Amino acid sequence: MKQSVLVIALLTLSFAALGRGDINYKHRAIHKTLVKSLNLSNPQLTELTLTKDDAASMEGKFFNISCDNPDAEIKYMYIGRVNSCRAGGCSMPNPLSENGPSEYFDYLVVFNRNGEVRSVKVFNYQATHGHEVTAKGWLKQFIGYHKDDKELEVGKTIDSISGATISAHEITRDIREKTQIISKHLPSS
């Protein structure tokens, strides 16, 4: 009897842990990145309005960044979620299948006024595999990427990571996609 109650309690906790919840757009790591890493004074985020097509393909939001720094180059931020593996591990068949719960991580990518990537940070890593993509040194590879640059591709322009294959490919794909989207919403020069 005690064992069955324990098993039920553990199963309940396991399913609760897989719950995705909403992205925390006010996570302290976001503010810390803007203030300490990018030296913005009093940063304020205002959600950008996107086309239906662009908004439909995202699990996240774009923001315009305003601050007290009159000459700040940082202007836009995307905060979103990337699926990394299905619950049960990356070795499961079809790890990113729509037919089952996925593990995920939340990240941000900051752009300058020209739509060039200036910073990337993973701030909520909930997957059991692939945490190596949270390393600052690895994420620095994306800095400077612009829609007109060479393609981002793991194993060619972005270092691959043993043990984080799916996470590395998914964040790379997502940054490439979000850079294309922000470039369509830049004011004309």
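Residues are numbered from 1 along each chain as its sequence is written, and side-chain values use heavy atoms, with hydrogens and water left out. In this predicted model, local features need pLDDT of at least 70 and side-chain atom pairs count only at pLDDT 80 or more, while totals for chains, interfaces and linings use all residues.

Me: In what order do the elements of the protein chain run from the N terminus on?
Reply: Helices (H or I, at least four residues) and strands (E, at least two) are DSSP runs, numbered from the N terminus. The protein chain has five helices and five strands. From the N terminus on, the order of these elements is α-α-β-α-β-β-β-β-α-α.

Me: What percentage of the 189 residues in the protein chain is buried?
Reply: A residue is buried under 20% relative accessible area, exposed over 50% and partly exposed in between, with a 1.4 Å probe and protein chains only. Among the 189 residues of the protein chain, the buried share is 41%.

Me: Which residues lie nearest the centre of the largest pocket?
Reply: On a 1 Å grid over the protein atoms alone, where a 1.4 Å probe fits, a pocket is an open set of points with protein on both sides within 12 Å along at least five of seven lines, and lining residues have an atom within 4 Å of a point. The lining of the largest pocket draws at least two residues from each of α2 (28-37), β5 (117-125) and α4 (136-139). Of the 17 residues that line the largest pocket, those nearest its centre are Thr33, Ser37, Val120, Lys121 and Lys136.

Me: Which element gives the most to the lining of the second largest pocket?
Reply: Residues that line this second largest pocket include Tyr25, His31, Pro43 and Phe63. At least two lining residues come from each of α2 and β1 (44-47). With three residues, the element that gives the most to this lining is α2.

Me: How many residues apart in sequence are the parts that the pair of Phe62 and Tyr78 ties together?
Reply: Rings of Phe, Tyr and Trp (its six-membered ring) pair if their centres lie within 6.5 Å, and planes under 30 degrees apart count as stacked, over 60 as edge-to-face and the rest as tilted. The whole structure holds six aromatic pairs, and one of them is the tilted pair of Phe62 and Tyr78, at 4.9 Å centre to centre with 50° between the planes. Because Phe62 lies in strand β2 (residues 60-66) and Tyr78 in strand β3 (residues 74-86), the pair ties together parts whose separation in sequence is 16 residues.

Me: Are Phe62 and Tyr78 buried or exposed?
Reply: Phe62 has a relative accessibility of 1%, and for Tyr78 the value is 0%. Phe62 therefore counts as buried, and Tyr78 likewise counts as buried.

Me: Over the ring of which residue does the charged end of Arg81 sit?
Reply: A charge sits over a ring if NZ of Lys or CZ of Arg is within 6 Å of the ring centre and within 35 degrees of the ring normal. The charged end of Arg81 is 4.0 Å from the centre of the ring it sits over, which belongs to Tyr104.

Me: What is the relative accessible area of Asn39?
Reply: Most residues other than glycine have a negative phi. Asn39, however, has a positive phi near 55°, and this residue is found in the loop between α2 and β1. Asn39 is exposed, and its relative accessible area is 55%.
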